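Let's take a walk through this structure together.

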Amino acid sequence: MNFLKIISLILIFYLYGCMQNPPVVQDGNGSVVLKAVWDKSLDSIPDIVPLQNAQVILSSQYGMQVFYTGSDGFLRLNHLPSAIYSISIKAHHPVDASIILVGAVRNLNIVSGQTTTPTDTAKPVSSTGIAINEIYSAGPVNNIFYIYDLFLELYNSSDSIKFLDGMQVMRVSGTDNGLYKPGGDWYHNGKMQGITYIYKFPGRPGERNFPFNPKQFLVLAGDAIDHRKAVSTSIDLSHADWEFYNQYMAADIDNPNVPNLINMRPDNGTKFLIGLNDDIVAVASGVDTSWNEGIDISSILDAVQYRADINLPKYIDDRLDRGIVQAPARYSGKSIQRKEPGMDTNDGSLDWEILSSPTPGRQ
Amino acid sequence: MKMKFIFTVLFLGFFFPTFFSQSLRTMSMAGITIPLKDVDNSCDPYDFGGNISYLYLDETTSWLKINPSLNTNWGDYKRPYDANNVNLYGINFTGLKTLSTAGTFIGSVSYIYDSRINVNRSVKYNTYQGDPFFINDTTSGNIHYNGPAVNFGYSFELLSDLYFGASVGYKILNGFKEIYSQTSTVLRDVDGSLGLTYKLFNSAYLSAGFSTYNSQEKLTIELADPVDDEIYNYHGDTYFITQIGNPISEKIKEVGYSWNSQFYLNPDKNSEAGLNFVYSNSDQKVLLNKSVNGNSLLDVEDGYSYFNEYLVEFKGRYDLTPDLTVGLKGSWLYNSCWSSSQSFLVWDWNTKTAGAGIGASYNISPFLLLSLEYNYSHVNADSSKYIDDHFTTVYSNDHIIRIGGEYEIFNKIFLRAGGGYGFIGKDIIYGGSNIKYFLTTFGLGFNLFESFSIDFLLDYNNYKPKQLDYSHSLFDGLITLKLFNI
């Protein structure tokens with residue numbers, strides 16, 4: 001019978017000794033009381049007021065949710081899962097509709113069972129000029145790996161006419177034998193390195209032949225043709241405003257009705273393409289033409305790094321953008337676009353969103 | 001957890017027939033188990049509790065069983081990520097060899113083909129186990145699994161009146177989703193058990209057993225073409241993490257332990273009683289490959305689930321007269337499981353199921369046996385889906401009555417049939433209320449020859465919520481060819 005006692009003791013020990021207790025803190029019980037304000041002062045004396053009915057975008061590993069602040073400028077949210085969140089707020093200026101008030105709170109750790117009370121102070125963003133507004137490079141839904149219907153869309157968010165003469169559009173994906181990553185200031189000389197493609201508008205900076213009107217969208221097509229003839233799920237870019245044309249390539253497609261951006265690199269005989277879901281693109285004023293030494297960061301009007309896996313590292317210099325844009329899947333037919341035309345807070349992770357289908361020439 | 005228990009029994013006990021499968025004879029008679037006497041339906045630690053150590057005492061002759069099987073289930077009364085239709089085709093060979101005083105050996109080899117038609121989004125093998133970690137893509141598609149399973153067991157008398165047994169099993173399944181994500185699955189399962197039985201006195205035995213299993217489901221979402229997949233790792237019903245890439249790989253690892261103990265009393269040929277106690281726990285991890293700051297991290301834990309289960313059951317049978325046998329059964333099952341992610345409690349489930357059953361079988365004539373069984377169960381379930389802010393408490397009173405019979409139409413040729421009708425107050429598996437349950441079975445047995453017998457089974461089950469025009473049906477077809485004295 002001693003044997004049975006031993007068995008019983010082992011059994012009891014096991015039953016009570018090996019049971020695991022659940023975590024004490026229950027998920028889904030995080031709370032946020034967000035105070036959205038902006039400084040409406042016109043002088044050096046702050047005049048902080050609530051930001052009413054502002055759009056609030058809550059981003060985390062679980063995706064994005066959109067809310068609005070109340071008339072008191074507060075947004076109260078309960079039952080949030082624990083995660084690291086980013087919050088961006090956006091509202092139109094109450095007096096000048098051309099001014100957008102934007103703000104952001106990054107790396108906000110919302111913990112279940114606790115209430116987090118961030119204050120997001122919005123700042124006016126207006127007339128910043130030319131920005132990349134939409135990028136479509138994922139390719140249409142297809143099974144023949146058709147990737148040629150790419151386009152970039154520029155937007156002039158200023159109130160003045162800009163001129164495209166001599167401006168440059170770049171793909172930045174080169175590395176220095178793996179030592180340096182694209183989009184960085186490798187030699188600490190204020191220049192962005194890693195330029196693989198560089199195309200330019202006709203003319204030179206300072207000339208005034210190619211106006212870019214306020215609040216205008218410009219579509220720069222890889223090939224300005226109706227791509228639906230090749231793949232039915234693709235798009236029509238035959239009416240694009242500009243077309244990338246590589247004059248050093250034997251037979252690049254050229255729509256005679258669409259003006260061209262031309263290749264600045266004689267050593268590059270390939271078609272203008274950008275990564276389907278991972279790349280850096282930039283637009284520069286064109287004052288620095290020595291691309292092989294890097295392009296002056298001060299001359300870059302806008303730059304965006306997009307990646308499907310945003311857990312991968314960011315390469316682009318912080319002075320150009322402080323975030324990575326979440327890119328859609330390859331061959332998904334989706335594009336990325338700024339949430340508000342031309343709105344550039346210098347943080348791509350907050351400014352951009354994925355569109356289920358591209359919208360060339362419009363928001 | 002009740003779901004998990006039911007599906008575990010369903011898959012391991014039926015479609016991968018192990019050593020403890022119920023005989024086709026009783027299954028053909030509406031699945032009646034309480035009052036029916038059968039060589040595979042006694043109250044002993046092997047038949048009732050699955051304790052391998054009692055095999056030596058339970059089986060006294062050598063045999064080989066060949067079991068081809070077909071199971072299919074379909075219907076629109078289903079859960080969001082279920083398949084429209086599941087077809088399982090299996091073949092199982094089980095051989096038992098008695099080695100006199102040296103012991104008894106049993107071995108089985110199975111192969112199944114598991115075809116799931118129009119699985120809605122889920123790419124997991126066991127989508128509903130009571131954990132909140134669903135792994136989905138964006139499409140409905142067919143998933144086909146196939147693979148072998150082997151089991152070996154051995155039991156012998158270790159010391160006087162002390163019997164020892166051990167078994168091991170190995171199963172591997174390969175699966176593939178035909179469209180979109182083209183997820184390929186490798187499911188590997190290793191299990192083992194040890195048992196001891198001690199003869200307390202002439203008519204009483206006490207057994208104890210330990211079993212463990214280790215399983216891994218590896219999902220590889222890799223497209224041959226340079227396109228991306230999108231996979232959604234759900235944490236609960238609402239929130240999910242999106243993974244975009246090619247390839248994407250994930251693993252689900254599960255380790256489980258189980259202690260069991262049986263007491264068996266068999267004072268004479270006219271009566272027997274068994275008590276079975278099982279405690280089991282298991283944990284399951286969902287592991288992802290992630291990259292952080294450019295460094296690839298393998299097997300990062302995305303979710304953790306812990307399952308606990310207690311089962312106490314009793315079954316007794318007594319011959320009131322040479323022709324009338326009555327039986328009684330009682331059970332209590334407690335399941336508790338919780339799931340967490342990043343040290344936060346995501347879901348918490350508890351179910352308590354108390355069951356009781358009573359039955360009688362009567363030999364109306366030397367050629368006709370009739371049997372009746374009634375089962376009642378009461379289920380209490382508490383579900384706390386913290387992350388979804390959804391809390392429910394349900395209880396259900398379930399009643400099932402079965403009637404079955406066996407008629408010897410010719411010498412040693414048996415016709416078997418049965419039917420059942422039940423009412424389930426609240427179906428905690430599929431979510432419906434006031435479920436009507438209907439069962440019909442049909443079987444044939446040919447015991448014409450000295451060297452072999454053949455049994456056939458067809459059964460049909462249907463579940464239908466009272467207020468809905470949906471139903472779920474199951475159909476099984478099985479054959480057992482049993483060769484004796486091999």
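In chain B, what share of the contacts with a separation of 6 or more comes from residues 24 or more positions apart? It's 64%, where contact means heavy atoms within 4.5 Å. Before we go on, keep in mind that this is a predicted model: local features need pLDDT of at least 70, side-chain atom pairs count only at pLDDT 80 or more, and totals for chains, interfaces and linings use all residues. Residues are numbered from 1 along each chain as its sequence is written, chains are lettered from A and ligands numbered from 1 in the order in which they are written, and side-chain values use heavy atoms, with hydrogens and water left out.

Let's stay with chain B for the overall picture. You'll find 3 helices and 20 strands in chain B; these are DSSP runs (H or I of at least four residues for helices, E of at least two for strands), numbered from the N terminus. Chain B has a radius of gyration of 23 Å, close to the 23 Å that the globule rule gives for 486 residues, so chain B is as compact as a globular protein of that length. That radius is taken over C-alpha atoms, and the rule is 2.2 Å times the number of residues to the power 0.38. Along the principal axes, the C-alpha atoms of chain B fill a box of roughly 75 × 55 × 35 Å.

What about inside and outside? Of the 486 residues in chain B, 55% count as buried, meaning under 20% relative accessible area, with exposed being over 50% and partly exposed in between (1.4 Å probe, protein chains only). The accessible surface of chain B comes to about 19700 Å², and 61% of that belongs to carbon and sulfur atoms. These areas come from the Shrake-Rupley method with a 1.4 Å probe, and for residues only the protein chains shown count as cover.

Now pick out strand E1 of chain B, which covers residues 63-75. Trp63(B) sits in this strand and is buried, with a relative accessible area of 5%. Neighbours within four places in sequence aside, Trp63(B) is in contact with several residues, including Thr94(B), Leu96(B), Ile106(B), Lys482(B) and Phe484(B). Further along strand E1 is Thr72(B), which counts as buried at 12% relative accessibility. Thr72(B) and Phe475(B) are 403 residues apart in sequence, yet 5.3 Å apart in space, C-alpha to C-alpha. Phe475(B) is also one of the contacts of Thr72(B) once neighbours within four places are left aside, and the others are Asn85(B), Val86(B), Asn87(B), Ser473(B) and Leu474(B).

Chain B carries 34 positive and 49 negative side chains, and the centres of the two sets lie 2 Å apart. Lys and Arg count as positive and Asp and Glu as negative, while His and the chain ends are not counted; the place of a charge is taken as NZ of Lys, CZ of Arg, CG of Asp or CD of Glu.

How many salt bridges does a search of the whole structure find over all chains? There are 35, each being a side-chain nitrogen of Lys or Arg within 4 Å of a carboxyl oxygen of Asp or Glu. In chain A, Asp278(A) and Arg307(A) form one of 2.9 Å, N to O. Asp278(A) lies in strand E20 and Arg307(A) in strand E22 of chain A, so the pair ties together parts that are 29 residues apart in sequence. Asp278(A) is partly exposed at 30% relative accessible area, whereas Arg307(A) counts as buried at 7%. Over in chain B, Asp114(B) and Arg116(B) meet at 3.0 Å, N to O, and both are buried. Chain B also has a network of salt bridges linking Arg25(B), Asp38(B), Glu406(B), Arg416(B) and Asp455(B).

Finally, a few backbone details. The peptide bond from Asn246(B) to Pro247(B) is cis, with omega near 5 degrees, and Pro247(B) is in the loop between strands E9 and E10 of chain B. Asp299(B) isn't a glycine, but has a positive phi of about 50 degrees; look for Asp299(B) in strand E12 of chain B. Tyr331(A), not a glycine either, has a positive phi of about 55 degrees and counts as buried at 10% relative accessibility.
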